[in-house]
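Thanks for making the time this morning. I would like to go through one model with you, starting with the chains and ending with a single helix. Please have the picture open while I talk.

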Amino acid sequence: MNGIYYEDINPGDELPIVEKTITRNQILDYADASGDYNPIHVDEASGKKAGLGGIIAHGLLSLAFMTQLMTDWLADPMDLKKIKVRFLSMVKPGDELRIKGKIKDKYIKEGLNYVDCELISENQNGERATIGQATATLPSKIG
Amino acid sequence: MDKDVVGKEIGPFSYVTWERKIRQFVEATEDKNPLYVDEEFARRSKHKGNIVPPAMANAYFVGMPIWSVIEVCKIDRARGLHAEQEYEFIKPVKPCTLLSTYYKIVDIYEKKGLNFAIIEGVTKDEEGDIVVKGKITLIER
């Protein structure tokens, strides 16, 4: 929940990393919270039958983590305007994720200060689980 | 997948942003932003009260509604994957708000041996204002 100003950031700057350890209980809790009870997320036998080795985390849980990376960095969560993610690989109980962001560009458009960020979520083996992009607005020190 | 459903509109799907569900969501995602659950903190903010976490669009935009899409597109559940997700956040959502989500199946196509379904949608609040726009890409292996 740290505020940052448009003048303080530059392309190439890295956002504070968010780290998450995925647990079976968290996946089940997220199923309850999101309303997504796809059996591969809540039933071990279904996960094994699907060739996944057991239950896997929702891809949208990783999107929630990437959103959190941005909203933790921004002064106001509603300064996050857009997010787009692609789910590359499965996330399983026991995985340790590092969610990272880097500023790609900043620009002024129609009187608002925009920042575009590249996002990536990697597991403990350095494998990319999710990649994404986000666009946010930032306040200015000027006026 | 059934290509004949391209252009079909589905919905609305209703969801109420109950405070209990908000707490459940922020606990499951380990999001400690007080703006979502601390009334005193939120009252002092520009929002003058709690707001729903942007990521909770996962619940009201995708959550249950997506299963209707899977059924309409005749996607084999055993081979279906959520490939991409996009959101555009338009308006803050308050707790205890009735939301309505509307989908349109905009494209279904085959590429490199995989079937793709593209779904676009909006979620509106009780005032009829759009709070979120979204796009879902599903793949059938």
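Start with confidence: chain B has a mean pLDDT of 95, and 100% of its residues reach 70 or more. This is a predicted model, and for the complex the predictor gives an ipTM of 0.95 and a pTM of 0.95.

Now the chains, one at a time. Chain A contains four helices and five strands. In sequence order the pattern of chain A is β-α-α-α-α-β-β-β-β. Its C-alpha trace spans about 60 × 30 × 20 Å along the principal axes of chain A. Of the 143 residues in chain A, 39% are buried. If you take the contacts in chain A with a separation of 6 or more, 66% are between residues 24 or more positions apart.

The C-alpha trace of chain B spans about 55 × 30 × 20 Å along its principal axes. Buried residues are 38% of the 141 in chain B. Among contacts in chain B with a separation of 6 or more, 71% join residues 24 or more positions apart.

Next, the sheet. In what order do the 10 strands of the open sheet lie? Reading across, the order is β1(A)-β3(A)-β4(A)-β5(A)-β2(A)-β2(B)-β5(B)-β4(B)-β3(B)-β1(B), and the pairing is antiparallel. Why is one side of β1 of chain A and of β1 of chain B left without a neighbour in the sheet? These two strands, residues 18-21 in chain A and 9-16 in chain B, stand at the edges and have a single partner strand each, so one side of each has no neighbour there. From one strand to the next, the twist averages 20 degrees.

β1(A) pairs with β3 of chain A, residues 96-109, in the antiparallel sense over four bridges. In that pair, A:Glu19 stands opposite A:Arg98 of β3(A). Packed on the sheet is helix α4 of chain A, residues 59-73. This helix touches β1, β2, β3, β4 and β5 of chain A, together with β2 of chain B. The direction of α4 makes about 145 degrees with that of β2(A).

Further in, we cross from one chain to the other. β2(A) and β2(B) are paired antiparallel over five bridges. Across that pairing, A:Lys82 stands opposite B:Glu88, and A:Lys84 has B:Glu86 as its bridge partner. On its way into chain B, the sheet continues from β2(B) to β5 of chain B, residues 130-140, through nine bridges, with the two strands antiparallel. There, B:Tyr87 stands opposite B:Gly134 in β5(B).

**The contact between the chains**

How many residues does the contact take from chain A and from chain B? The count is 31 residues from chain A and 29 residues from chain B. On the chain A side, the elements that give two or more residues are α1, α4 and β2 of chain A. The largest share of that side, nine residues, comes from α4(A). Sorted by class, the side of chain A that touches chain B has 15 nonpolar, seven polar and nine charged residues.

**One helix up close**

Last item: α1 of chain A, residues 24-34. Which residues of α1(A) are buried? They are A:Ile27, A:Tyr30, A:Ala31, A:Ala33 and A:Ser34. Looking down the axis of α1(A), these buried residues fall within an arc of 165 degrees, so they line one face of the helix. What do they pack against? Within chain A, the buried residues of α1(A) pack against α2, residues 39-42, and α4. From chain B, they pack against α1, residues 19-29, and α3, residues 57-63. Just after α1(A) comes A:Gly35, with a positive phi of about 80 degrees.

Terms used:
Residues numbered from 1 in each chain as written. Chains lettered and ligands numbered in written order. Predicted model: local features only at pLDDT ≥ 70, side-chain atom pairs only at ≥ 80, totals over all residues. pLDDT = per-residue confidence, 0-100. Pairing = 2+ DSSP bridges. Axes fitted to C-alpha atoms, helices over the stretch in contact; angles between N-to-C directions. Contact = placed C-beta atoms within 7 Å. Nonpolar A, V, L, I, M, F, W, Y, C, P; charged D, E, K, R; others polar. Buried ≥ 20, exposed ≤ 12 C-beta atoms within 10 Å, placed from the backbone. Arc of directions from axis to C-beta.
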